[in-house]
Each structure stands twice: as C-alpha cells, then as structure tokens.
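User: I'm new to this one and would like a quick tour. Can you walk me through it?

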Amino acid sequence: MSIALQTHGLVRRFGGFAATDHVNLSVAAGARHALIGPNGAGKTTLINLLTGYLAPTEGRVSLLGEDVTRMPQHQRCRRGLVRTFQINQLFGDMTVLESVALAVGERHGLGARWWKPLAAQAEAVDEAALILERLGLLSDAYELTRNLAYGRQRLIEIALALALRPKVLLLDEPAAGVPTSESRELFEVIAQLPREVTIVLIEHDMDLVFRFADRISVLVSGTLLLEDTPEVIAQHPRVREVYLGESHG
Amino acid sequence: MTTPSAIDAAPDRAARISAVTRRFGRGARWQPLEYLFWCLPVAAYFLFPGNYLLLSQIAITSLFALSLDLIFGYAGIISLGHAAFFGVGAYTVGLLGVRGVGDPLLGLALAALLAAVLGFLSSFLLLRGSELARLMVTLGVALMLYELANKFSDVTGGVDGIPGIEVKPVLGLFEFDLFGRVGYLYSVLVLFALFWLARRLVHSPFGQSLRGIRMNAERMPALGVPINRRLVAIYTVGAAYAGVAGALLAQTNQFVSLAVLSFENSADLLLILILGGTGRLYGGLIGAIVFIVAKHVLSDINPQYWHFWLGLALVLLVMFARGGILGTAAQWLESRRQRAQQAARAP
Amino acid sequence: MTIVFDGIAFGMLLFLISVGLSVTLGLMNFVNLAHGVFAMVGGYVCVILLNDQGVPFLATIPFAVMVPALLGVVLERLLYRRLYEASALDQVLFSLGLVFIAVATAHYFFGARQQPLQLPAFLSGQFHLPGLDVGIYRLFLVVAGLLVALLLQWAVVRTAFGARLRAAVDNQRTARGLGIDVNRVFMLTFALGSGLAGLGGALGVEILGMDPEFPVKYLVYFLIVVTVGGTGNILGSLYAALLLGVADVAGKYYVPQIGAFIIYAIMVVILIYRPQGLFGRAHH
C-alpha cells in the first residue's frame, strides 16, 4: 500500500504560537481520510501547509513520494494535489461554465496560449460541460457565479477541483454553510469519485465523517492526537472528551 | 433541487451538453455594436476635416487607455505611473528623429521594444508587497523617469521639449501633411491593428486566466496557475502598447516634451479608463472620446476650472457610477434582463 | 552640520503633516491622497488670519488646527465613510478627485501666487554654534515636532483612546465585538490627523511655502514617509520623515543635478526589499 501524502515533523509557528506542532500525517493512496478536531485546532493551517500556501517553519511535506516542501503552490497543483476552500473562492463575475472551462484549460496547459480564443479549445469546453452535467450545474452554465445560491456555489467549488483531475484531493469543510438536505447530495458526488483519487476531508458533521471515511485523524491544538479507523475513534474516551462531546449538526 | 428548464428537458444527455457548449464563446465573436463603433473613426474622417489633429489625439489616447485596461481592467494591476512607458515611447521617437532616424514604423517598433523592456524589468518590482507598496512603486518609477528626463534636459529638451522631429513618410509613400490627415489615418490604423490583437488576447485562455487573477488571485495558484509569470507577461504587453501610443504622439505632433512623463498624464489616463469602464476593451476608447471632446469644448475656460470639474467628475464617478459608461450600461441591461426573467417566471 | 539640522527641521514638518495619513491608512486602510489638502487648509487659515486680520502668528495656530480638523470630521462623515469598503483604486481615484477640487478652489479664492508670511521677531534670525548655524525658526520646528511626537506616542500608548485606537487598528472586527465604537474612533482619528496636518501646513509656510498646488507638490513626500515608515506606526513615520528630510536637503545641496531622482530610487528599492516599509510590521 503506497503513501499518497505525508508530512514529517511539520511545524508552523506564528510568532511564539505553534499552529501546527510536529505533525506526522500519513495518508494512504486511495484512502478516504478524514481530519477532525475542535475549532482552532489548526486544520485549515495544515491544509495550507500541505498545498504550499504557507511555508512550514520546520518539517517536510511529500506528495506521491516526492518531497514538495520547497515547491510553490501551483506546481504542487500540477502534480495532482488539489484543494477546495472552506469559504468559496470563486470567480464572481465569470459564468459557471467559464470558471470551470478556465480550470480545465489550465490543466490542459492552455493558459499560456494567447492567440486562439478559449471557445476554440473545444475539448476543454466539452470536458467542463461534462463536469457541470455530472454535478447538476448544467442549467446554470451561463449564470454569473455571484448570482447563484450558496449551495450551488459550493458545488462549483467542487467542480473546479474536479476539473483539475486531482490525484490527491483536500476538501476543506465542503458542506460548510450548506443546509443538511443539500449536503447529502454534495457527499454523494464526493463518494462517487474514483477510488484512485485519495481524499482528505475536513468536516464537522460527524454523521458524514463516519459514513464516508475509512481512516480518521484527530487534530487538537496543532498536534495529531490520534489516528485510527472510525470505529476506534468513535469509542476513544479522549476523543469523546475533547471533541465528540460538542454538539454537531 | 434544480428547477426544470428547457435545457434539462431535452431528451438526450449529449444533446443537452452540446446545446450548452455551442453557446460558449459567442462573446469572442465580433458583435454588431462593435462594427458600428469602428464606423465612428471612419465617419469622423469625413465629418470633421478640419480637426484631424484633435481626432489623432483621440486615437492615440484611446490606445494609451487600452494599454492601461490590459494591465488594470484585465489583470488588476493598479498603476499611478503608466505615463512612464508612454514617455519612453515618445522620447524614443523624439531622440531618434532628431538624429535623422525617422521611419515611422521603425520608430513604433523601437518604441514598443524599449517600453516593453522597461515594463518587463519593472514588473518584477510589482510582484511582492501590499497594494499601497505596488502603487508607490509604479508612481516612483514614473517619477524617476521624469526627473531623469528633466535633469538631462540638454538631451531631452526638458519642459520645452524637442521640436521639429523628422518623420519620414509612412511606408515611404504617405507623407505627413500639415493638416494631420495622414497622421490621423496612420494613428487609427495602428490603433485598430493593436486593438484587434488585444481583443484576441483577452478572449484567449491566457486572457481568461488574467481575468481569473483579477477576480480572485488567491484561487489561481490553487488551479495550478503560475500567476507571476502571467502578470509579468501582461505588464510587458501593456507597457509596449503604451510605448506605441507615445511614439504615435511624437510622430503625429512632431514634438515631444516632459509632459508625456508627468503624473498628470498618468492621473488623467486613470480617469479616462474609469470614465469609460474597465475590463471591456472599449471602455478606454469611449472614455478617451468623451474626455478629449469635453476638454476641447471646455478649453476656453480657465484651466483651473477644468480641473475642478475633473475632480468633481472623479468623485461622483467613484461614488455613484463605479462601472463608468460601459459598466453602468451593462448593469442596466443586466437588471432589465433579470426583471424580464422574473416576469417570465411569475405565473 | 547645518545641512543635517535643516534636514531635521524639514523632516519634522513632513512628520507633522504625514503622521495623520499614516494613522488613518493603518487604521482605516484608506489610501487618502487628499491628506495634503488639510495641510493646505491649515496653511491658508494661518496666512489669512495673519495677513488680513493681523492676528499674531502663534495665535493663528489653534485655528490652523481646528479648521482642518472640523473639515476632516465633515468630510469623513459625509464622504470618506462610504468608501471604507471600496477597493484601493477607488479610494485613490476619489481622493485624487478631492485634490483636484481643492486645488481649483484654492486657485479661485487665493490666486496662484505664493502666500507671503512674516514671522514674528522672536522666531526669526539665527545663532551660531561652532560648525553649525541654528535658525531659530527651525529650532522651534524641531522642538514642536518632538513635542507632538512624544505627546502622540504617549496618547496612543497610555490613554484609553489610544488603547481603543490600537485595538481597532489591529483587528477591527474584534474591536467592535469588544464594544469599541469603531466609527467614533475613525472619526476622531481622522479629525486628529487632519488637525495635525493643518498644524504642519501652518508651521510649514515659512519653509515649504503655501500656494494652491501644495497638496500635489508634496504628495509624494507624504506618501514616502508613510510607506517607508510603515502604516499606522507613529515613531516609524518620525524616523522615516527625518531620514527623508535630511536626504532631501543634503541631496539638493551636494548633488543638485540628480535631486529628487535619488529619493524616488531609494524609495523604490526599499519597497522592493521591505514592502512593509523600513519600520513597519510585516503582514502574513
């Protein structure tokens, strides 16, 4: 069983405060790995370190066997590491199809082409439309992103990630801000992703976590408290005390 | 969850998808309004035969505004010093012209090249830092150039400028006449050629990625985009365009002075672009037309009063009509469309 | 040495005028290119009272502070407040527009000429120390500037208002959550900054002159002080202003042929390597 994503002694300090404190995370290829922890535990910081948005104070990150600690964000993305954002980071004044076509186009390496219009890159546009269709967004293809309901925008956030054909997908609270009825649908989409795609998921909704994940890491105050199967985590007294004691929903 | 629409009701999935994709990129094709717009310079040629110098100024300022739109309207780089590249282009022609190198097209090419080099080098200064720091850097570079040109006034002619720049006939055939007729046609043709190029550029994948950078620079690296490379590229192109505009000014007026590098030049340009509307290519052109015509019509008024109205226009624009002429028009059309949609949905 | 001293005096003036800009920029993140307008208002108030009304120089100073401060309050409530959430470009354009309006208005009322100013006798003249000519007025400026700097620093660090100000600069949302009336803090700070600018403008008429183009002529200097000093940093503005003052005076004396070029070049270089300014805090 190979390791898709790994950190070695990862530390990130802000002044005197260690947001990430000697984290050794190991995500197996094809895993459905959830990352849980109370608010402020440093989950998003960890994602930011994994993607290269933040540079670590100490430690290493390796992606698919390659040390990417020094590698800038966009290069890690090209190597297959894709993330979604907890708060939608979309292109407000672009239509939905434009946004996804942009992402697909970048993956195809079209981004440096300045002569022919994007519309002429039929492959990219077709692929983008296919993704929209799969996510049920096709009817909104020509709507401006900022005019859509939040739940729909969240789907676009996923669409952008899928457009990049990720090998390792980091989902930062994909259901955040989405009403429970719609979040089931969202998770259907995520659950249907091919098995080769490794998924790391930050999520607060424990129902979804326990249904989806085959492995759970618990992050508290920047350190990994525990990592094991969902059954073990659910029973573990310390986890209940630190985290599961809080109401969720 | 999704409301049924005409598209979803189509029987075949592939048909549904191709119905959607077929519509894509309609914006890239030339719209009828655009053809109409380009009739304006042609009409102006016949309608205003005594005003060729003024019309040339409009064409040149349009090109200058277009160059700023490329870096600002599309890539989101604010510049308080874009006149630097304009000035480099103008002085390239001026200094070469004084030494007898007067072929216009060669002058344009060299002006574009030098301005592009300056743009390329200074673009690296813009990649780091807060918005304020970047603003100050663009301002600083332009001011430095102004001071340099001022100090070496024996070469640049200083505030009085370099008169009598020699400009050879275009392509060896069309001599620049006193009335500015050839100058006008020449300027409009150069404007159109560069506009056409810019239009292709903004509709390309590269252009789309610039829009993405402007709308959400944080997202782009997470899509695998090396944003610095793209920004350097467009800044260089924008600088080259501004250099050509400056060169055109020097060639059609056969004169260049320090005013081309002044802060006022940069500030006026910002106003022109905001007035017309950013990120739409035509905004700079429309803004240039309105600005120069207004200035010409009001030119007998004391120059200080002109600045008062200018200032007032800026304040009102920013507070109430932020999208400029084109932006406000687009907003109005969009709200009409939405109201029509809602009316159609209401049972 | 006289050059250094004169440079320090010039720097003090720049500090007085620019410190308000630094604080409002650091506090409200508002790029206000029109800050020099308040200095101009203070300068004209001083000159008009002195020349037309015969008010003694020092007695004009309180008015030179109050009038711009009041103007600042009015403009802040009516206009600036609406643009706090706007983009930096919008703020630049808006404040540029204000500058144009102010300059044109000053031209209309006062004409284009330099305003004359006659200093009172006890502030004129100079005395000589070995190797150093001390202008009395310049000495007065240096002392006044230091006093203001110390007062400000004390006010910000020690008083309750200062604490609220620092909280609001650090994190607006949290400050509001703590019950701090951030809008009031903004308004008072803006008034304070404008008043100080007016003070600098009035005190500066003797050295910088006063004419309708004042806000444009010295705009770059103010911006340099603020960016190099680090926004929101009072002592940083002081150091940056002093550096700039000395560099400018020395530069114009020793290498007049290059003049302002060196200033701009140094500023650009500083901003490349330390975008937060020489004395500012690095963000993110």
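This is a predicted model: local features need pLDDT of at least 70, side-chain atom pairs count only at pLDDT 80 or more; totals for chains, interfaces and linings use all residues.

User: Which two chains have the most contacts between them?

Analyst: There are 2 pairs of chains that touch. Chains A and C aren't one of them, as their nearest C-alpha atoms sit 9 Å apart. The pair with the most contacts is chains A and B.

User: Which helix gives the most to the side of chain B that touches chain A?

Analyst: Chain B brings 35 residues to the contact, and chain A brings 43. On the chain B side, α1 (13-23), α8 (181-203) and α9 (205-215) each supply at least two residues. With 8 residues, the one that gives the most is α9(B).

User: What is the radius of gyration of chain A?

Analyst: Chain A is built with 9 helices and 11 strands. For its 249 residues the globule rule gives 18 Å, and the value for chain A is close to that, so the chain is as compact as a globular protein of that length. Its radius of gyration is 18 Å.

User: What share of chain A is buried?

Analyst: Its C-alpha trace spans about 55 × 40 × 40 Å along the principal axes. A residue counts as buried when 20 or more other C-beta atoms lie within 10 Å of its own. Of the 249 residues in chain A, the buried share is 49%.

Technical notes:
Residues are numbered from 1 along each chain as its sequence is written. Chains are lettered from A and ligands numbered from 1 in the order in which they are written. Two residues are in contact if their C-beta atoms, placed from the backbone, lie within 7 Å. Helices (H or I, at least four residues) and strands (E, at least two) are DSSP runs, numbered from the N terminus. The radius of gyration is taken over C-alpha atoms; the globule rule is 2.2 Å times the number of residues to the power 0.38. A residue is buried if 20 or more other C-beta atoms lie within 10 Å of its own, exposed if 12 or fewer, and partly exposed in between; C-beta atoms are placed from the backbone.
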